[in-house]
Amino acid sequence: MDNRDIEKIKIEYTDGTEVAFKKGFVAEIVEGNEDATVTFHMAGMGGKDLFMLVESVVQLGDRLGMFNGLREEDA
């Protein structure tokens, strides 16, 4: 595990503009032949931030209909 602290997360848009965040997370997905590895990189995130993050992702999944019997292979 990497013990370095992340100072900020920077997003670069296709038009060249950039936005930097001091609090947030990025999910990095590295796909292999038959599996994938997901790594979460977080900046400035703590206890209640992590709770809010997980809760909001679950709400997103619900709004997308992912918990209504949809299986991964159907997606």
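1. Lys 10 is exposed, with a relative accessible area of 54%, where exposed stands for over 50%, buried for under 20% and partly exposed for what lies in between, computed with a 1.4 Å probe and with protein chains only as cover. The model is a predicted one, in which local features need pLDDT of at least 70 and side-chain atom pairs count only at pLDDT 80 or more, while totals for chains, interfaces and linings use all residues. Residues are numbered from 1 along each chain as its sequence is written, and side-chain values use heavy atoms, with hydrogens and water left out.

2. On the overall arrangement, the protein has one helix and four strands, which follow the order β-β-β-β-α from the N terminus; the elements are DSSP runs numbered from that end, helices being H or I over at least four residues and strands being E over at least two. Of the 75 residues, 8% count as buried. The protein exposes about 7,000 Å², of which carbon and sulfur atoms supply 54%, the areas coming from the Shrake-Rupley method with a 1.4 Å probe and, for residues, with only the protein chains shown as cover.

3. Strands β1 (residues 9-12) and β2 (residues 18-21) run antiparallel and are joined by four bridges, strands being taken as paired if DSSP finds at least two bridges between them. Within this pairing, Lys 10 stands opposite Ala 20 in β2, and Ile 11 faces Val 19 of β2. The two strands form a hairpin with five residues between them, and Gly 16 in the turn has a positive phi of about 95 degrees.

4. Strands β3 and β4 likewise run antiparallel, here with eight bridges between them, and a hairpin joins β3 to β4 through four residues. Glu 31 stands opposite Ala 36 in β4. As background for reading the side chains in these strands, side chains in a regular strand alternate between the two faces of the sheet.

5. Where does Val 26 lie, and what does it touch beyond its neighbours within four places in sequence? Val 26 lies in strand β3 and counts as partly exposed because its relative accessibility is 35%. With those sequence neighbours left aside, Val 26 is in contact with Ile 9, Thr 39, Phe 40 and His 41, contact meaning heavy atoms within 4.5 Å. Val 26 and His 41 are 15 residues apart in sequence, yet their C-alpha atoms are 5.2 Å apart in space. For the protein as a whole, residues 24 or more positions apart account for 14% of the contacts with a separation of 6 or more.

6. Two salt bridges are counted, each requiring a side-chain nitrogen of Lys or Arg within 4 Å of a carboxyl oxygen of Asp or Glu. One of them joins Glu 18 to Lys 10, with the closest N and O atoms 3.7 Å apart; Glu 18 is partly exposed at a relative accessible area of 44%. Lys 23 forms a salt bridge with Asp 49, the closest N and O atoms being 3.3 Å apart, and this pair links distant parts of the chain, since Lys 23 sits in the loop between β2 and β3 and Asp 49 in helix α1, 26 residues apart. Asp 49 is buried, with a relative accessible area of 12%.

7. One aromatic pair is counted, the rule being that ring centres of Phe, Tyr and Trp (its six-membered ring) lie within 6.5 Å, with planes under 30 degrees apart called stacked, over 60 edge-to-face and the rest tilted. The pair consists of Phe 25 and Phe 40, which are tilted, at 5.9 Å centre to centre and 45 degrees between the planes. Phe 25 in strand β3 and Phe 40 in strand β4 are 15 residues apart, and the pair links distant parts of the chain. Phe 25 counts as partly exposed because its relative accessibility is 31%.

8. A nonpolar patch on the surface is formed by Phe 25, Ile 29, Val 38, Phe 40, Met 42, Leu 50 and Val 57, with about 610 Å² of accessible area together. The elements that give two or more residues to this patch are β3 (24-31), β4 (36-43) and α1 (47-63), and the largest share, three residues, comes from β4. Patches are made of residues with over 30% relative accessible area and no salt bridge, like charges being joined within 9 Å and nonpolar side chains (Val, Leu, Ile, Met, Phe, Trp, Tyr) within 5 Å. Val 38 is found in strand β4 and, at 46% relative accessibility, counts as partly exposed.
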